[in-house]
Amino acid sequence: MAKDHAVEFKGISKRFGHKTANDKVDLYLDRGVIMSLLGENGSGKTTLMNMLAGIYFPDEGEIFIDGKPVVIKSPKDAFDNGIGMIHQHFKLVDVFTAAENIVLGLREEGRLDRRKVSAKVREIAEKYGFDIDPDKKIYEMSVSEKQTVEIIKVLYRGADILILDEPTAVLTPQETGKLFKVLKAMRADGKSIILITHKLNEVMEISDVVAVLRKGQHVATVRTSETSEKELTEMMVGHTVSLDIDRPLPVDPKPRLTVAGLTVKDSEGVTKLDDVGLVAYGGEILGIAGIAGSGQKELLEAIAGLRHIQKGSIIYTPEHEAPAELVGKSPMEIKEAGVALAFVPEDRLGMGLVGGMGMTGNMMLRSWNKGKGIFVDTKAPEKLAEKVLENLDVQTPGIDYPVRKLSGGNVQKVLVGREIASAPSVLMSAYAVRGLDINTSYTIYNLMTEQKMKGVAVVFVGEDLDVLLELCDRILVLCGGKVSGVVDARKATKEQIGLMMTSTDFIHSSPMPGETISQAEAMVAKAREEEERLAREKAEAAAAAAAVAEAEAEAQTEATEEAVKEVEKND
Amino acid sequence: MTEKVPLIRLTKREDMAKSKVWLIRLLAFLLALVLGGLVFLIAGANPITAYSTMIAGSLGKATGIRQVVKVAVPLLGTALALAPCFAMRFWNIGAEGQITMGAMMATFFALKMVNSMPSPVLLLVMGASAAIMGALWAGIPAFFKARWGTNETLFTLMMNYIAIGIVGWLQGGPWEGKPGSQIIPMFDERAVLPTVFGVHIGWILVLVLTFLMYIYMTKTKHGYEIAVLGESENTARYAGMDVRKVMLRTACLSGGIAGLVGFMICSGADQTLYQNVAGGVGFTAITVTWLAQLNPFAMIIISLLLAVLSKGASTIQTIMGVPASISDIITGIILLCMLGCEFFINYKMIFRGHEELPAAPETAAPGVTAAPGKEVEA
């Protein structure tokens with residue numbers, strides 16, 4: 001080989017039990033190149049990178065660094081070879097400063113010279129354009145700052161091959177922009193960067209080459225400039241999927257849930273929600289956007305009765321029934337009333353699902369208290385489990401197989417399926433597509449839309465702004481526990497929401513309940529008008545096209561008719 | 001392949017067949033016996049004679065069997081008491097104290113009220129009061145945990161010493177029999193549990209309890225609440241469960257059963273109360289509960305096994321002059337092997353040079369895909 005690649009995988013395979021995570025992967029990466037590693041969930045991206053980072057050891061195959069075969073048995077070996085991985089979940093000590101975290105675990109001679117460390121950190125930061133204070137404590141930092149510390153940590157150790165596992169998942173669009181600038185500076189410095197990601201637009205924006213994995217196999221590596229999002233999706237999924245989410249207009253939206261002046265503090269007295277007001281309509285999907293930890297979780301939990309509420313009211317108006325105040329009701333009563341919560345936490349389990357139990361046991365979470373007597377009813381949950389399994393096509397060896405052992409998508413199907421099965425009139429879901437691949441995500445989106453069309457008020461807390469913009473009717477943006485505004489999802493832009501996520505200065509009007517309602521109604525009405533106008537235009541265009549077609553067809557028809565007549569005559 | 005490949009690698013296993021799992025456990029048990037045999041060798045005894053003497057001494061005669069059952073009853077009872085707590089991940093290591101306090105309460109009635117009611121009523125009162133006292137003793141740490149999040153492990157442990165201290169004081173003070181004897185008098189026979197087949201009726205009680213506990217843990221709403229809470233407090237709250245209530249109730253149930261065991265020990269086996277009434281049962285039962293993986297029926301077998309070991313050990317001490325504490329060593333080895341074998345059930349090891357070959361032959365050209373799904377079983 002004339003030129004040695006920075007990293008080269010040759011015939012790398014890795015199996016976990018009967019599951020093949022990577023199957024004879026051949027892949028290489030050169031210096032000064034940003035490569036995106038693209039693939040659906042379970043396609044083996046993270047496993048492959050973990051082998052480079054020394055977390056797993058390949059069952060087969062070899063890894064070459066700069067043309068030399070290497071054996072990477074531990075993260076230390078990886079560092080020695082100049083490889084550094086920035087994991088999705090940060091591994092930092094909260095009470096230490098950035099600089100302390102950066103040198104943590106390094107075995108340098110002599111005493112720790114904090115000033116020297118800080119100076120070196122600043123030097124790295126300056127070189128690549130990081131924005132960081134080495135003496136700031138981790139617990140005082142934002143998510144993006146923590147990520148910066150992680151990146152500098154590997155650079156400090158002299159890494160020149162960097163792996164970033166879904167680095168933008170936790171960032172605002174602005175922060176993502178900043179990160180990309182830094183990555184470009186590193187590329188200019190000759191570093192090799194591998195980005196594991198799901199987001200196609202980012203792939204197109206930042207990377208030079210894209211490697212696509214599917215079912216553990218390397219499908220292709222293409223130049224970003226020579227491909228398109230559509231082509232990449234096809235490679236990833238194996239067949240074409242539509243990127244559009246079907247979004248019908250809300251039909252007859254009625255206020256279902258009216259939240260006003262909601263203030264919630266956590267157990268440490270920190271204000272998590274500050275005077276939040278919102279209206280969720282039956283028949284629409286209300287998206288909730290915000291940087292992670294802006295109060296999304298607390299909002300849903302407060303509505304579900306799982307949080308102590310300092311102040312405020314939550315009025316629930318079921319169909320054909322009088323409005324009722326939810327504040328002060330128990331979680332069980334709220335659930336019975338028809339307000340369902342499907343919350344998918346970071347670890348997917350841990351809230352809403354019991355990992356060690358099968359589908360039946362998990363269905364029981366909703367019904368365990370039903371019926372008289374001391375015994376639980378297992379018949380109904382069993383039936384429900386079978387129904388969910390069938391309707392949502394859950395991949396499981398059986399309804400009693402522990403859900404912990406199912407793949408992420410199937411776990412989420414179980415959760416969402418159960419909540420939908422209860423025929424709620426308000427369906428709140430948080431991070432329902434967290435970590436899911438495109439196909440499964442769409443199943444979930446369709447389920448949400450289906451519920452909306454049934455007149456359910458759907459509240460959808462999401463991480464991906466693109467999805468929120470395509471799925472929801474309106475989007476409420478939270479920032480630091482306050483509502484920074486409600487936007488029309490059919491018109492808003494990502495940048496606009498991004499700005500609202502970071503600052504509450506963009507409030508157009510105070511989020512008083514009355515105003516929010518009128519604002520929301522106006523929005524729905526406007527959207528409707530717009531849609532109708534579009535539909536009219538479309539219809540007109542179609543009519544015009546039809547007219548042309550008709551004229552063309554007429555000639556033919558005449559000919560055909562003649563022919564028919566002739567045939568008839570012959571009869 | 002380079003020489004620097006790690007010597008042993010671990011990979012997670014898929015689910016194993018049930019039969020294979022039990023085979024591994026059986027092998028682990030046999031391994032424990034072999035290792036125990038080595039201990040006998042070191043102690044200067046022939047392992048085969050030692051084991052057969054143990055069996056003969058414990059299961060060979062009716063008296064031996066009776067004694068084995070007598071040892072197994074409190075072990076099984078306490079293991080049952082711990083099961084719901086452990087299922088809830090509430091580490092109650094205070095069964096020792098709960099047993100002691102239960103026994104103390106039963107003794108109070110046995111000593112002071114023996115003349116004021118007929119024997120069956122007295123026994124019922126003793127049992128009920130013992131259960132209530134045990135429940136209270138476990139309820140205190142549970143209350144603190146539910147309310148202020150205190151550490152139940154330390155709390156229940158400390159409560160043991162208080163309980164033992166209280167009985168020690170009663171023994172040498174208010175309840176002392178002959179002045180200066182430091183002994184509480186033997187119970188009147190009206191306060192002693194009747195026997196069936198030569199063993200106090202407690203053995204029937206714990207068998208019934210085993211069945212009830214199985215039903216409670218697997219079929220009832222309470223059992224479901226415990227299982228969910230053990231898995232995740234958040235999920236329990238989400239499902240509308242009253243976490244504090246469940247915690248308190250389960251701890252009290254656990255303590256109550258332990259208290260009942262205390263009543264069985266003092267009224268059935270010892271027929272008196274002394275400071276060491278629990279005699280480590282509260283701790284040994286933790287072993288039983290773990291080895292049985294919280295399955296009540298498995299607890300019967302394991303508590304019997306441990307009872308055979310301890311009875312057998314005292315036999316070889318008298319016959320062969322081997323110290324009885326050797327049974328503790330063997331118990332330890334068994335525990336280590338049984339818990340250790342779970343590792344091999346969850347993981348498999350691949351040794352250097354013994355890489356599992358893929359389904360496709362090695363000569364296959366690189367790039368040729370091995371059929372996925374086909375896998376060589378290790």
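**Figure 1. Contacts within chain B of the predicted model.** Among contacts in chain B between residues at least 6 apart in sequence, 76% join residues at least 24 apart. The chain contains 13 helices and four strands. Of its 378 residues, 42% count as buried.

**Figure 2. An open sheet of six strands in chain A.** The strands of this chain A sheet follow the order E6-E7-E8-E3-E9-E10, and their pairing is mixed. At the edges lie strand E6 (83-86) and strand E10 (217-223) of chain A, each of which pairs on one side only. On average, neighbouring strands of the sheet are turned by 20° against each other, direction ignored. As background, strands of a sheet pair through backbone hydrogen bonds, either parallel or antiparallel.

**Figure 3. The pairing of E9(A) with E10(A).** Strand E9 of chain A covers residues 209-214. Six bridges join E9(A) to E10(A), and the two strands run antiparallel. Two of the residue pairs can be picked out by name. A:Leu213 has A:His218 in E10(A) as its bridge partner. For A:Ala211, the bridge partner in E10(A) is A:Thr221. In a regular strand the side chains alternate between the two faces of the sheet.

**Figure 4. The turn between E9(A) and E10(A).** These two strands form a hairpin, with two residues between them. A:Lys215 lies in the turn and has a positive phi of about 50°.

Note on methods. Residues numbered from 1 in each chain as written. Chains lettered and ligands numbered in written order. Predicted model: local features only at pLDDT ≥ 70, side-chain atom pairs only at ≥ 80, totals over all residues. Buried ≥ 20, exposed ≤ 12 C-beta atoms within 10 Å, placed from the backbone. Contact = placed C-beta atoms within 7 Å. Pairing = 2+ DSSP bridges. Axes fitted to C-alpha atoms, helices over the stretch in contact; angles between N-to-C directions.
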